[in-house]
Each structure stands twice: as C-alpha cells, then as structure tokens.
Amino acid sequence: MDDSTKVLLQRLVRRIPIQILKTTLDKWGRLTAAQRRSMDFTQSKWALTQKLLDDCEENGLTVKHIAELEMIYVIENPNHGMWYTFQLMDPEDDAHSIDLTHFKELFKSHLSELIRHVSVKIKKHTDEAVWIRIAWGDSFSRPNHLKPTYVVHYLQTPYVFVSGLRSKLKPLVSQVLTLSTRHQAIKDANLSGRKLTSIRDLLMKHYQQVFPTKYPHPLTEKNQTVSNVHIEKEQADAAANRHQLAGEAFGDGMLPQLQSAIYKLETKFRDPTNKTMTEQEEPFRCVVKFSSTNLLESLRSCASSGIASTPVTPLLSSIPLKGRNNFVIKDNAPASSSQMHQTQN
C-alpha cells in the first residue's frame, strides 16, 4: 500500500468506535477468517491499526478497498457530519423507468465526461437508498480519498441528500444528478442537519402526523374529590386543546431530530424614535437561529405546556409542514408593516 492509502486506513480506524469495528470488518469481508480471529479488540486503537495495516498489506489491498470499508461504516452510521437536501425538478417522461443499473451507468459516464480524475463507488442500501461516494481529483492530481463527497438518493423520489460537497463542485453534481435521473433541474430544499435519518423522515413525512379536528380528545375521568370541578375541567380542556394544536403543528410520537432552524430577516426597520434606521432604503437584515438537540420536540413541548402561545405561528409550524429549516422572511410590500411572507430561496 502507498502512503496515502495507509493514512486513509489510519484515519478511518480512529473514526470507528471500537465496539462496532469488528462488525464493520466482518461486513467488509476483505480479511481472511484467520486474520479476523487474530484481531484482539481489547488492544489500543494504535495496536489494532498496525495489525490492520499489516493484514491489508499482506492481502494486497488498494485505496479502493479501504474506501469500500469507509463506505460500509458511513452507510451503517449516517448520522454524522452535516447533510444538505436538494430536490429534483421537472421529471422527463421516462424518469420513472430509471433503475439502479441504468442509474449507475449514467452517473459514472456523465461524471467522467465532466472531470478527468474521479473515483466513484455506488452501493444500494437495504432501505432502497442509493449511496454514492465520490473522491475528487483534477486534471493534474489523483482523487483525494481523504475528503470524499457522499450523495444519497432514493430512486423514484425527487430527494437527494449530500454531505462533504465543496461549493465549486456543486454545479458538477447537480448536472450529473439531473442527467442521470432524467430531470430538468435541481434546487436547494433548504433543509439541513447532522442526522440524515431525521431530515429524510421529515422531508418524506415518515413520522406520525396529527391532522386538525374540531372534536377534542376525550379526557380520562378520575375518581377523586376535586375542590372546584368547573375550574379543573376548564384547565383540562385548555391543556387538551394545547396538546392537540401542538400535535397538529409538529406531529405526534417520536419526531425527526433537527438541531436548528434559521430565519434570515430582510425587513424595513420601523421605530419612530430612530429616524436614522427607519429612513434607510435598504432593508434591515438579521439572522435568528433556534438550536436544540431535538428542535421539533422542544417546540412541541413549549406549545403543549403553554410556554408558547397556540395556535403555533406559521413561522415555526412551517418547519415540518414544508420540510425546511432555512427561511428568508421579507415584507410583502414596502408600505406594509404587518404583512410578511417567506421566500423560497
């Protein structure tokens, strides 16, 4: 193995937690049974790395084999790094007929026409997702496997999830995806997060939704003496109504785990005591960011407990409704101070 291949393997072993390294190596299948049995997972990462380097050297493995090992780990553990979502637009008549074999051929051929040195590995996961690993080079250098781009696409859907894509390479990936899936265009879906499964479930509505109803959920009666039945009933009805409205806005049960939502405001500054800012023609710009380990759960809890008012403002309920967590808010008209709208940028 050359030095770049050894560095890739060393970095990869450092990334993989020791408790799942064994199963990852078993799925890889590039080591002999005797080599796998001789692995002592009670050793330090350094010792395990040296053992793996020796075994891979003995088996004559190349950088493509190590990249294959990385891909297995990333597919099984996708909730790392930052993922960005894109949506394919305007499908052609034969878009629905694209199968995996056809897609792989089209993707590799179109990408090789656009860039000379590139390494592409495509693998279908058990949940029907097509995973693509791209190591980029240029006209003068070999592909850099230390900084790959990952693309995840569910065939027959318009959604694409991308991680590790540099801005200058985005046009290439966009063009190849539209050609390979038989679509006319692709746009930013304004949804991102560190948990691929969560943004996928949010975008594809793979979570328990609650739909509006004019009938509140019945409350379970309790056999107990209450000092004021009317007050308790009023409080219980209000709590049930808040819970219903919170569920309608954000869903029920386990919710997709988003970490943030960003609102970019481009509005007129209005304050009669500050003429300097109010009379400016340029809009007032600022960014508001909500952060949490589970933002949707936090917002639902605030609404159902009464901390936040209900019905929930569309600025927050649009996150699950539209499958987005990045919004730009502008005035509808320069003369209006109360009407605002969310752009699709």
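**Notebook: a walk through a predicted model**

**Entry 1: Asn325**

I started at Asn325, where a polar atom of the side chain lies 2.7 Å from the backbone oxygen of Ser192. I count a polar contact as a pair of N or O atoms within 3.5 Å; within protein, one must be able to donate a hydrogen and the other to accept it, and residues adjacent in sequence count only if both atoms are side-chain atoms. Before going on, I noted that this is a predicted model, with local features needing pLDDT of at least 70 and side-chain atom pairs counting only at pLDDT 80 or more, while totals for chains, interfaces and linings use all residues. Residues are numbered from 1 along each chain as its sequence is written, and side-chain values use heavy atoms, with hydrogens and water left out.

Where does Asn325 lie? I found Asn325 in the loop between α12 (314-322) and β9 (326-331). Helices (H or I, at least four residues) and strands (E, at least two) are DSSP runs, numbered from the N terminus. Asn325 has a relative accessible area of 3%, so I wrote it down as buried. My cut-offs are under 20% relative accessible area for buried, over 50% for exposed and in between for partly exposed (1.4 Å probe, protein chains only). Leaving out residues up to four places away in sequence, Asn325 touches Asn190, Leu191, Ser192, Leu258, Ser260, Ala261 and Ile262. Contact here means heavy atoms within 4.5 Å.

**Entry 2: confidence**

Next I looked up pLDDT, the predictor's confidence in each residue, from 0 to 100. The protein chain averages 85, and 88% of the residues score at least 70. Over residues 214-226 pLDDT stays under 50, and the model has six contacts for them beyond four places in sequence. Residues 333-345 also stay under 50, with 35 contacts beyond four places in sequence. I keep a reminder here: where pLDDT is low, the predicted coordinates should not be read in detail.

**Entry 3: helix α5**

I then followed helix α5 (residues 63-76), which has 14 residues. From its first C-alpha to its last it reaches 20 Å, close to the 20 Å expected at 1.5 Å a residue. The expected span is 1.5 Å times one less than the number of residues. Is α5 largely enclosed or exposed? Because 11 of its 14 residues are buried, α5 is largely enclosed by the rest of the structure. Among the buried ones I listed His65, Glu68, Met71 and Tyr73. The buried residues of α5 pack against α1 (3-15), α2 (18-28), α4 (45-58), β2 (118-124), β3 (129-136) and β4 (144-154).

Ile75 is found in this helix, and at 6% relative accessibility it counts as buried. Beyond four places in sequence, Ile75 touches Lys123, His125 and Trp131. Ile75 and His125 are 50 residues apart in sequence, yet their C-alphas are 7.6 Å apart in space.

**Entry 4: nonpolar cores**

I looked for nonpolar cores, meaning sets of buried Ala, Val, Leu, Ile, Met, Phe, Trp, Tyr and Cys residues joined through side-chain atoms within 4.5 Å. The largest has 54 residues, and those with the most contacts inside it are Trp28, Trp131, Phe161 and Ile319. Helix α5 gives the largest share of this core, seven residues. A second, separate core of 23 residues includes Leu88, Val160, Val162 and Leu169. In soluble globular proteins, nonpolar side chains tend to be buried together.

**Entry 5: aromatic rings**

Rings of Phe, Tyr and Trp (its six-membered ring) pair if their centres lie within 6.5 Å; planes under 30 degrees apart count as stacked, over 60 as edge-to-face and the rest as tilted. How many aromatic pairs are there by this rule? I got five. Trp83 and Trp131 form an edge-to-face pair, 5.8 Å centre to centre with 90° between the planes. This pair links distant parts of the chain: Trp83 is in strand β1 (residues 83-91) and Trp131 in strand β3, 48 residues apart. Both Trp83 and Trp131 are buried. The rings of Phe103 and Phe107 have centres 5.8 Å apart and planes at 40°, so I noted this pair as tilted. Both lie in helix α6 (residues 100-114), four residues apart, about one turn of the helix. Trp83, Trp131 and Tyr150 form one aromatic cluster.

**Entry 6: positive phi**

Finally, I checked Asp90 in strand β1, which has a positive phi of about 55° although it is not a glycine.
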